[in-house]
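Dear colleague,

Please find the structure below, handed over for your review. A summary of the findings follows it.

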Amino acid sequence: MLFGSNDQELSADEAFTNHQGQWAHVIAALTEHLQQVSAPGFDVEDLEAPRRNVLHFHGVGGIGKSTLSRKIETVLAGSGRPAHWPEAARPGVRVVPVRIDLARSAGMDFEQIVLTLRLALTRIGRPLPAFDIALRRYWETVHPGEPLKEYLNRGGLARAFGQALPQQMKSALADVAQALLLPGTVVGDVVGSLVSALRERRQTVRALSGCRRLADLLEAEPDLEALSYHPHLLAWEIARLPGERVVPVVLFDTFEDTGDRTRREMERLLQRVVWLMPNALFVITGRSRLEWAEDALAGRLDYTGPAAWPDLADPATWVPAPITTDPEGPERSEGVGAATPADVVVDMLSTLARRQREHRGHTVDKLTRLIDPGLLGDDLTVMAVYYRAKAWRDIGHPDASRRDYQHVADHGGRLAAAARRGLAKAAHLAGDFPTAHTAAQQLGWEGRHQRVLGGLYGLQGEPERAAAAYLAGRTEAEEHAVRGEAAHNQAKRALAIAFTDPHLADDELDLAYHLLTGLELRATTINTEIAALVRDAGHDTVDDRVRTLRAELDIAGLISKLPTLEIAAAFHQAVLDDDQVLGDTLGRLREQTRGGMHAYAVDIVHFMAGLPLPDDHVPPRRLDDEQTTRSRWRRLVIRRQTLLRTRRSTSG
């Protein structure tokens with residue numbers, strides 16, 4: 001298990017026993033949070049300050065993250081604390097925990113999330129006027145004729161939180177109406193008069209005038225976007241409560257179900273809630289690491305980068321937590337004097353569990369340190385060497401990758417077929433297509449032969465033939481119940497079809513996203529994003545997305561994916577006849593393929609653009625002659641240009 005100041009990873013090899021270590025981190029985070037919100041300079045309305053109000057546990061499914069989340073809520077609510085969990089001392093502070101299950105099966109939409117946050121705070125027994133009036137206006141506009149009380153009863157929220165909220169909202173509205181000397185509590189009248197009074201800074205509403213953004217939020221169109229800013233009002237009301245300090249602890253569970261790497265709308269709204277409520281502590285549990293501190297997500301989320309989320313920013317600060325069958329056993333540090341073969345085994349399994357979420361160069365370094373002492377035994381050494389071969393390939397070291405693959409293939413055993421596929425892939429990447437094709441014929445299902453063949457056919461400018469191979473590969477994977485392989489083949493199929501039929505590619509991408517649900521396959525997810533770029537070639541959104549994805553690949557250390565991304569970018573540029581930008585893409589490709597790997601990508605870009613190859617260019621060993629391959633790629637570009645012209649003329 002990895003943990004940092006704000007990022008706890010839990011792997012299947014570390015199934016929870018008593019959660020004592022995780023609870024210790026909750027106490028530490030809560031203590032630090034209380035100090036922060038009590039500091040003289042803390043301002044709940046400051047929307048620019050970095051946020052340190054997130055504690056994040058992540059890891060593979062089935063290890064007890066949801067159990068941990070539920071237990072934290074129970075203990076913070078004041079009951080069920082295990083004897084081995086120390087008490088969280090918090091004099092003068094009232095902690096209000098609320099757990100929100102974001103699993104798709106729970107059916108929780110964003111509106112219900114905001115309602116749940118407010119419902120949890122009914123426990124303090126008083127209205128929160130700024131928020132309550134804004135919520136009342138939203139509700140009557142979006143749900144005309146549907147009383148909130150009936151909605152809460154029907155959805156089960158009333159059973160969980162009682163019926164106090166409608167009464168508190170009514171009380172808030174009545175108090176404001178009385179202050180404004182209004183004859184009734186019609187929401188529209190109250191809100192209109194309140195906004196005027198706030199703008200005019202009347203003394204009658206001085207209690208609410210301190211909320212600088214209240215008038216603007218009350219004037220905004222009451223829709224979901226406006227609702228997503230209402231938590232700011234909730235935070236402001238909490239900050240001004242008299243008496244003991246109230247600190248919400250919000251537990252977002254099953255966070256992976258909020259979307260995926262290309263569909264982040266729900267994540268964007270939830271992140272906004274976290275940002276707008278700096279006086280609440282958020283404990284987030286899910287399968288994947290939060291990526292909010294990565295600059296590459298700028299534009300897809302509101303607040304990104306290490307300056308915004310300093311405690312989520314530096315993977316290098318992660319250190320391992322105790323991994324032991326003895327819950328009282330001592331802690332130890334990763335890679336530092338691992339004393340026994342058992343320690344090395346645990347470190348290796350933990351490294352493999354993390355490899356989808358860290359730079360592949362780190363994976364190579366860690367696996368090498370674990371392999372070299374010779375403590376793993378033959379079978380586990382072969383496993384470590386195999387995964388190191390994959391990581392070597394991803395960071396652009398083909399010779400080291402082939403050497404490791406060959407070692408695994410020669411050893412035999414269950415990974416031998418996969419290693420032979422790796423060797424076929426190495427021939428493919430080196431541009432020796434006939435050798436790769438011959439090897440693929442001998443791989444069979446265990447060696448994922450259809451996947452290898454699909455890749456070869458695609459590079460020859462035959463996306464239809466590639467798509468058929470990937471379909472066969474997906475079908476085989478489904479027959480063998482191998483979800484990851486099915487998702488991988490489907491993502492590659494979507495990429496192939498995106499070159500020929502953008503409309504059909506929509507359906508293929510939807511299926512790829514569906515198959516990736518619940519899986520942590522970073523490279524495969526990136527394949528879907530590249531497929532979406534090819535589908536959208538010729539549109540003005542592509543260039544920015546290419547730059548973003550290029551940055552993500554660099555962060556992940558997936559250097560081997562860059563040429564595929566550049567081919568997608570070049571296809572877009574060739575469709576637009578943008579020779580200048582295409583020249584920049586060719587320059588990057590030549591730099592990326594200088595060592596010989598992926599050099600065929602340079603040919604493909606020339607073929608798509610109808611350009612001659614340089615005189616000194618060394619071509620790959622193709623399956624077909626150059627002119628045939630050139631014509632296929634150029635035809636794909638012309639077909640897309642024709643499609644776009646037809647669409648423009650039809651819409652015009």
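Salt bridges and backbone angles

R264 and E291 form a salt bridge, with their closest N and O atoms 2.8 Å apart. R264 lies in the loop between β5 and α13, and E291 in the loop between β6 (281-286) and β7 (319-320), so this pair ties together parts that are 27 residues apart in sequence. R264 counts as buried at 8% relative accessibility, and E291 counts as buried at 12%. Please note that the model is predicted.

A second salt bridge joins the side chains of R300 and E529, at 4.0 Å from N to O. Because R300 lies in the loop between β6 and β7 and E529 in helix α24 (residues 522-535), the pair ties together parts that are 229 residues apart in sequence. R300 is partly exposed at 23% relative accessibility, whereas E529 is buried at 7%.

E485 also forms a salt bridge, with R451, and the closest N and O atoms are 2.4 Å apart. The pair connects helix α22 (residues 483-500), which holds E485, with helix α20 (residues 449-459), which holds R451. E485 is buried, with a relative accessible area of 6%.

Salt bridges with shared partners join E225, E265, R268, R272 and D302 into one network. A search of the whole structure finds 37 salt bridges.

As to the backbone, T254 is not a glycine, yet has a positive phi of about 60 degrees. T254 sits in the loop between β5 (245-253) and α13 (265-276) and is buried, with a relative accessible area of 12%. D577, also a residue other than glycine, has a positive phi near 55 degrees; its place is the loop between α26 (562-575) and α27 (579-592).

Kind regards

Definitions and conventions
Residues are numbered from 1 along each chain as its sequence is written. This is a predicted model: local features need pLDDT of at least 70, side-chain atom pairs count only at pLDDT 80 or more; totals for chains, interfaces and linings use all residues. Side-chain values use heavy atoms; hydrogens and water are left out. Helices (H or I, at least four residues) and strands (E, at least two) are DSSP runs, numbered from the N terminus. Buried means under 20% relative accessible area, exposed over 50%, partly exposed in between (1.4 Å probe, protein chains only).
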